[in-house]
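Work through each task with the structure open, then read the solution.

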Amino acid sequence: MVTTTDQSVGANSSEFLQNAWYVAALSDSVQRELTAIRLLSTNLVFYRTQGGTPVALEDACPHRKLPLSKGRLRGDNVECGYHGLTFDTSGGCVRAPTQERISPTACVRHYPTIDRYGLLWVWMGDIGSADETKLLAIDHYDDPAWHITSGASMVCQCNYLYLADNLLDPSHVAWVHQTSFAADGTEDAPLEMQEHDDGLVVARWIYDCEPPPFYQPLLKFSGKCDRLQHYEVRFPSVAVNMSVYCPAGTGGPEWQRTEQTYEMISYNLLTPIDQNSTRYFWMQQRNTDPDDENVTKQILEGARTAFLEDKEILEAVHIGVAGQSSRHINLAIDAGAIRFRHLLQQLIERERQSASDS
Ligand code: FES
Ligand SMILES: [Fe+2]
């Protein structure tokens, strides 16, 4: 089915969801230096205290808006590089060398942070609403029978919603990932969509098919398989992509984990830098060969190669849609992505409304 509406396509969402945890950086990349990071069209400065606690502050001195990242760390505080106003970890001014009295307005906003899974997360919304339980939970993270790769990242010159669209679109692998994930059924096996309170899933089982080239050497059985493509995005931009492979005849909605089952869960964490660029973080978790470094290397290389393929397409889509002179069409495969965009936009508008009411 082809429809000819141009609703919900494009990168025109004018706001971001603020009350959410976003990945700001790989944890290791923020240490005892002032590190400027832009996200949600906002400039922040990150650093660690002498005790190792991560700190995030607005990256603009309240005097002449020099980015604090151009200043110096003084113990656990930040000294502005222009006239020395100094701010503590809560953003309060604790020193004004050029005058005796410090105005209470001489402060910068601070943002709650959490170090988890090797990633540094930041809460961009109302501080009182910062809720640790809303941060992504990864099952089996410390389970020795499973393995999860360290986080990796890249910047994509496209709006984050194009990446979210892609991560709700199992069919694209047939054309974008022809040497890795494409196989029988990826072009046309039927898709199912499920809505949840925290997001949306587009999924399908493909039965009695050859495993795709990337997964074939990783499986613990030979011959044909039943294959699950589970594409899930949680609001605002956390994608959980699960692949399950079972010997043919043993898959389907009632599948049971056995010694032969292969499971790979890809966590894809999208942090808008602004409307035109996104920092894309990922980690791959598997239930086999937890200590095999060759398998880990193969997965790391395979993931980066595949995501570079996505990046090339989605950056070109961003430019293509921005420069459009004709109407967009939607295909039946877009149902999940369009619904996700609609639900997310409702959340953003509700958040904006409640902020203007308070
Ligand atoms: S600009 Fe920061 S103290 Fe003047
Ligand atoms: Fe992809």
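**Exercise 1**

In which sense do strand 6 and strand 7 pair, and over how many bridges?

Solution. The model is a predicted one. Step one: locate strand 7 at residues 77-79. Step two: follow its pairing with strand 6, which is antiparallel and runs over three bridges. Step three: pick out a facing pair; Asn77 in strand 7 lies opposite Arg74.

**Exercise 2**

Solution. As a general point, the strands of a sheet pair through backbone hydrogen bonds, in either a parallel or an antiparallel manner.

**Exercise 3**

Describe the hairpin formed by strand 3 and strand 4.

Solution. Begin with the limits: strand 3 covers residues 35-39 and strand 4 covers residues 42-48. The two run antiparallel and are joined by five bridges. One bridge pairs Ala36 with Val45 in strand 4. Then inspect the turn: two residues lie between the strands, and Leu40 in the turn has a positive phi of about 50°.

**Exercise 4**

Solution. For the pairing of strand 2 with strand 12 (residues 119-123), count five bridges in the antiparallel sense. Within this pair, Tyr22 faces Val122 of strand 12.

**Exercise 5**

Find the two domains of the chain and characterise the side of domain 1 that touches domain 2.

Solution. Domain 1 spans 21-124 and domain 2 spans 139-349. Their centres, taken over C-alpha atoms, are separated by 35 Å. In the contact between them, 11 residues of domain 1 meet 11 residues of domain 2. On the domain 1 side, strand 2 (21-26) and strand 3 each supply at least two residues. Strand 2 gives the largest share, four residues. By residue class, the side of domain 1 that touches domain 2 has eight nonpolar, two polar and one charged.

How values were computed:
Residues are numbered from 1 along each chain as its sequence is written. Chains are lettered from A and ligands numbered from 1 in the order in which they are written. This is a predicted model: local features need pLDDT of at least 70, side-chain atom pairs count only at pLDDT 80 or more; totals for chains, interfaces and linings use all residues. Two strands pair if DSSP finds at least two bridges between them. Domain bounds come from an automatic or database domain assignment. Two residues are in contact if their C-beta atoms, placed from the backbone, lie within 7 Å. Ala, Val, Leu, Ile, Met, Phe, Trp, Tyr, Cys and Pro count as nonpolar, Asp, Glu, Lys and Arg as charged, and the others, Gly among them, as polar.
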